[in-house]
Amino acid sequence: MLMAVIPYSSGFHIDRFMADTASRLKAQGLRLGGVVQHNDGACESGCFSMALEDLASGVRYPISENRGAGATGCRLDAGGLAAAGGALGAALAGETDLVIVNKFGRQEVLGQGLRQEIAAALLAGVPVLIAVRQDVLPAFRDFAGEDWTELPAQAEAIETWALHLARLAA
């Protein structure tokens, strides 16, 4: 199967896990496309300042809007998300062994976010690794069906899956 899903529970640090996973897979020699999320506490209101890193180029696209000190919570910047999606699309035009998408989240459930790019990767025959929070799994199944492999949030299992697919494609 060309898609592997890492289900996770709320509270699990999936962004850090996916970034670390991408680093390990790059060190194994895989050519990666896709995006992972980086967070820091730079917003005035104490929320995270979020950016998506394009795994092919290393460019980071800010995806959070700083709403000021009186705001509660962060707000997703759709423009930054669209720019990251464009970078993901460009990776599919090149030599890519694996596409990593940080997560299938609220925007994808609504038919937006990186949903089209995920579908494009699969249609291009490029393996996809994606994280999906447990409560979003039903919506993900509506999108993707059942043609995917579930992987635990364990580095060894993910590396084994990814390297196996890369060997098959070689």
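**Burial, pairing and pockets: what the terms rest on**

Colleague: What makes S3 largely enclosed by the rest of the structure?

Modeller: In S3, 5 of the 6 residues are buried, so the strand is largely enclosed by the rest of the structure. Buried means under 20% relative accessible area, exposed means over 50%, and partly exposed lies in between, with a 1.4 Å probe and protein chains only. A strand is a DSSP run of E with at least two residues, a helix is a run of H or I with at least four, and both are numbered from the N terminus.

Colleague: What do these values rest on?

Modeller: This is a predicted model, in which local features need pLDDT of at least 70 and side-chain atom pairs count only at pLDDT 80 or more, while totals for chains, interfaces and linings use all residues. Residues are numbered from 1 along each chain as its sequence is written, and side-chain values use heavy atoms, with hydrogens and water left out.

Colleague: Why is Ala 19 called buried?

Modeller: Ala 19 has 8% relative accessibility. The cut-off is under 20%, so Ala 19 counts as buried. This residue sits in helix H1 and touches Val 36 and His 38, leaving aside residues up to four places away in sequence. A contact here means heavy atoms within 4.5 Å. The C-alpha atoms of Ala 19 and Glu 53 are 8.9 Å apart, with 34 residues of separation along the chain.

Colleague: How do you know that S1 is mostly covered?

Modeller: The count for S1 is 6 buried residues of 6. Met 3, Val 5 and Pro 7 point one way, Ala 4, Ile 6 and Tyr 8 point the other way, and all are buried.

Colleague: Which strands does S1 pair with?

Modeller: Two strands pair if DSSP finds at least two bridges between them. S1 and S8 are joined by 6 bridges and run parallel, with Ala 131 as the bridge partner of Ile 6. S1 also pairs with strand S9 (residues 149–150) in the parallel sense over 2 bridges, where Val 5 stands opposite Glu 150. In general, strands of a sheet pair through backbone hydrogen bonds, either parallel or antiparallel.

Colleague: What makes the pairing in the sheet mixed?

Modeller: The open sheet has 7 strands in the order S4-S3-S2-S7-S8-S1-S9, and its pairing is mixed. S4 and S9 stand at the edges with a single partner strand each, so one side of each has no neighbour in the sheet. S7 and S8 run parallel over 4 bridges, whereas S2 and S3 pair in the antiparallel sense over 6 bridges. Ile 100 has Leu 129 of S8 as its bridge partner, and Asn 39 stands opposite Met 50 in S3. S3 is also antiparallel to strand S4 (residues 60–62), over 3 bridges.

Colleague: Where is there a positive phi in the hairpin of S3 and S4?

Modeller: Gly 58, in the turn, has a positive phi of about 85 degrees. The hairpin has 5 residues between its two strands.

Colleague: Why is a set of residues called a nonpolar core?

Modeller: The name applies to buried Ala, Val, Leu, Ile, Met, Phe, Trp, Tyr and Cys residues joined through side-chain atoms within 4.5 Å. The largest nonpolar core has 26 residues, of which Val 5, Val 99, Ile 130, Val 132 and Phe 140 touch the most other members. Elements that each supply at least two of its residues include strand S1 (3–8), strand S3 (49–54), helix H2 (78–93) and strand S8 (128–133). H2 gives the largest share, 5 residues. Apart from this core lies another of 24 residues, among them Ala 4, Leu 32, Ile 100 and Leu 165. In soluble globular proteins, nonpolar side chains tend to be buried together.

Colleague: What makes a space a pocket?

Modeller: On a 1 Å grid over the protein atoms alone, a pocket is an open set of points with protein on both sides within 12 Å along at least five of seven lines, and lining residues have an atom within 4 Å of a point. The largest pocket has a volume of about 860 Å³. It is lined by 32 residues, and Asp 15, Gln 37, Met 50, Asn 102 and Lys 103 lie nearest its centre. By class, this lining has 16 nonpolar, 9 polar and 7 charged residues. The second largest pocket holds about 160 Å³, and its lining includes Leu 2, Asp 97, Pro 127 and Leu 168.

How values were computed
On a 1 Å grid over the protein atoms alone, a cavity is a set of points where a 1.4 Å probe fits but cannot get out, and a pocket is an open set with protein on both sides within 12 Å along at least five of seven lines; lining residues have an atom within 4 Å of a point. Grid points are joined across faces, edges and corners, and a volume is the space filled by probe spheres set on the points. Ala, Val, Leu, Ile, Met, Phe, Trp, Tyr, Cys and Pro count as nonpolar, Asp, Glu, Lys and Arg as charged, and the others, Gly among them, as polar.
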